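Please open the model in a viewer and keep the selection panel at hand. The stops below say what to select and what is there.

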Amino acid sequence: MKNVKISRDLSSLTKEQMERQMMQMFAIMDELEAKVSWYEEQYRLSRAQRFGPSSEQTLPFDQMSFFNEAESESSPLIAKEPELSQVEIPRKGKKKGHKDGITGPLPVETIERTLSAEGLSCPQCEEELHEVKKEIRKELTVIPAQVVVTEHVRYVYSCRNCERNDITTPIIQAPMPNPPIKNSLASPSMLAHIMTRKYLEAIPLYRQEQGFKRFGLHLSRQTLVNWVIKGSAWLEALYEEMRRELIQKGILYADETVLEVLREPRREATSQSYMWL
């Protein structure tokens with residue numbers, strides 16, 4: 001930055017001197033802004049080199065690509081999908097195709113494509129055709145999640161003979177499972193679905209709220225929050241069992257996540273808290 005002398009006593013300056021001094025101040029401000037931008041860029045690059053991916057093929061640290069995910073994750077080292085001939089006819093001693101390794105544990109739905117009775121006649125001599133072989137083509141079919149209403153209807157019984165002849169009549173109810181949360185629409189599967197998506201798949205509750213709306217189910221985010229908090233009580237037994245197991249070990253490793261808690265007793269919202277795993 002150039003050494004520019006700027007007078008603080010404006011009363012002794014003429015109009016031309018004040019205008020010239022203002023132009024000098026604007027020039028100094030522009031130079032300072034340029035330097036601040038340069039230092040911010042150097043700081044960002046330093047953090048990217050220290051904490052970011054080391055591969056030159058990856059995108060910059062603060063520019064996560066969403067639309068180019070398929071291209072960025074592709075690699076020539078990944079084996080190509082086999083052709084139809086590799087999986088169509090199993091032969092003795094033949095190795096399993098790459099598709100079999102992918103779809104091995106999944107349930108299989110078989111759809112057979114056969115000719116109709118009219119199509120089984122030969123187009124040349126009109127004799128009946130016989131089966132030569134089977135060609136198998138595999139696909140991965142996704143069955144979208146569904147939200148249904150389950151009604152638990154409990155029947156109540158009484159004795160007509162006691163109604164006619166006795167003073168009291170026993171009332172017998174069919175057994176009914178207790179709900180995970182009293183007076184709530186949440187089922188065990190719903191709680192497991194919400195918690196799995198939030199804590200395992202990192203899908204926040206406001207996005208789950210939007211997803212349920214696409215099913216025609218209007219659940220507010222506050223309702224989902226209450227379900228997660230109250231549903232976590234069912235995990236206390238598992239937590240205690242894991243704790244008893246872990247404290248018997250000599251060494252434990254922890255993964256800490258820094259976060260801000262809005263309403264935490266005796267702490268400001270801007271102070272850092274830690275989530276330990």
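Which residues form a nonpolar patch on the surface? Select L235, L238, M242, L246 and L252, which together have about 470 Å² of accessible area. Accessible areas come from the Shrake-Rupley method with a 1.4 Å probe, and for residues only the protein chains shown count as cover. A patch is made of residues with over 30% relative accessible area and no salt bridge; nonpolar side chains (Val, Leu, Ile, Met, Phe, Trp, Tyr) are joined within 5 Å, like charges within 9 Å.

This is a predicted model, in which local features need pLDDT of at least 70 and side-chain atom pairs count only at pLDDT 80 or more, while totals for chains, interfaces and linings use all residues. Residues are numbered from 1 along each chain as its sequence is written, and side-chain values use heavy atoms, with hydrogens and water left out.

Stay on L235, found in the loop between α7 (221-231) and α8 (236-246). Helices (H or I, at least four residues) are DSSP runs numbered from the N terminus. L235 is partly exposed, at 44% relative accessible area; buried means under 20%, exposed over 50%, and partly exposed in between (1.4 Å probe, protein chains only).

Next, select α7. Its buried residues are L224, W227, V228 and G231. Seen down the axis of α7, they fall within an arc of 95°, so they line one face of the helix; the arc is that of the directions from the helix axis to the C-beta atoms. I229 and K230, on the other side of α7, are exposed.

Now turn to the salt bridges (a side-chain nitrogen of Lys or Arg within 4 Å of a carboxyl oxygen of Asp or Glu). The whole structure has 7 of them. Select R221 and E209, whose closest N and O atoms are 3.6 Å apart. This pair links distant parts of the chain, R221 being in helix α7 and E209 in helix α6 (residues 205-214), 12 residues apart. R221 is partly exposed, at 44%, whereas E209 is buried, at 15%.

In helix α8, select R244 and E241, 3 residues apart, about one turn of the helix. Their side chains meet in a salt bridge of 2.6 Å, N to O.

Last, select K198, which lies over the face of Y199 at 5.2 Å from the ring centre. A charge sits over a ring if NZ of Lys or CZ of Arg is within 6 Å of the ring centre and within 35 degrees of the ring normal.

Note on methods: Helix = DSSP H or I, 4+ residues; strand = E, 2+ residues; numbered from the N terminus.
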